[in-house]
Each structure stands twice: as C-alpha cells, then as structure tokens.
Amino acid sequence: MSIIIEHGLPLHHVGMGQLSVGTHGEQLQALLGSCIGIGFIWKNGPCCGLAHCLLPEAPRADSALGARYVSQAVPSLLRLMGVRQADYADIDVVLAGGASMFGPANGHGRLQVGRQNAQAAQKYLDQCGLHVSFCALGGRHGRQLLIDCAKHSYVVTDVVAPPELIPRKEGAYGYA
C-alpha cells in the first residue's frame, strides 16, 4: 500500500469522540495520545473512514453513531460508510495511538487507557473479521494518523516533544 499523501486536498480533523467519512479528494486526520484512531480504508469502495476513540467499552450497549467508545466506533464506522459484510475483505484497518500518557508504559490499572483501547479495538475488529493491515500502538508519545481518501493511503507520524519543551514539576523531593 502506498503511503504518499497529497498536499492541498481538503483536510477534515477528526476530534476526540468523533468519526468521519471522506470521499475522493478528501483527507482525514486525528491527533492521538492514549486515544486510539481506527482507520478504515475501503480499497474498492467509494470512501474511507476514521474514528477517534477515547475509551474502550461503553457502559451500556448503544446503537447511536459515535466514537467515544471503541465498542461503539467499529459498528458506527461500518454503518456510516455503508459497508456490507460482503465488503469486509476489501477493508484495510489502520490502528494508531493507544499510548501510555498518564503512567508507566508497563503499568497496570485505570491509567492504562491506551492499552485498554488497543485491546478493545482488536476485540471488536476480530468480532467483525476485519483485517488490521498496520498498527502503531503504545509507547509514551502521541501520533498523528492521516488518511488520503483519493489514494486509499495513510501516514502515521510520531509526535514527540523535545525535552526542553516538557515542563518540569518541582515536588517535595526535587524535580520530577
């Protein structure tokens, strides 16, 4: 798959909890930390889709379109794009984000939202039989996911702040 992105095409920023569908001549973009971006590239279809998910599981089943939760985003994106089950083999899935922004990368518990989002994405994609063609998950830095709907291509870029731009906090035992 090509990863060349065309400059000058209309760019739709997909914010937290949102999902969007783009057609030929459009690009979809999300800036991700512990959130996870789920990109659907419909190789032979008329559109591509991107969901920007905050949390892994909705507290209760919800059939409304949305992307606040991974459990809601996968079926919503399929429905919004008009993908039928017979088309699933033509969908390439791109996953990005899922970083550990609030705690140690190898920690456990509620602060590991990024890992939980990644696990939920894999679970719901597996349930649909969708194939993940590229993953850039985890770590301790943000990522940008950009999808070019005309070329059915994508780019995932690491977003890392230089150390001199990261504020230091002074605590009782010195700098953190």
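Strands here are DSSP runs of E with at least two residues, numbered from the N terminus. What we are looking at is a predicted model, where local features need pLDDT of at least 70, side-chain atom pairs count only at pLDDT 80 or more, and totals for chains, interfaces and linings use all residues. Residues are numbered from 1 along each chain as its sequence is written, and side-chain values use heavy atoms, with hydrogens and water left out.

His152 is not a glycine, yet its phi is positive, about 50°. Most residues other than glycine have a negative phi. Is His152 buried or exposed? His152 is buried, because its relative accessible area is 14%, and buried means under 20%, exposed over 50%, partly exposed in between, with a 1.4 Å probe and protein chains only.

Now the strands on either side. β8, residues 142–148, runs antiparallel to β9, and seven bridges join them; two strands pair if DSSP finds at least two bridges between them. Arg143 stands opposite Asp158 in β9.

Both strands belong to an open sheet of four, ordered β1-β3-β8-β9, with mixed pairing. At the edges are β1 (11–13) and β9 (153–159), each pairing on one side only.
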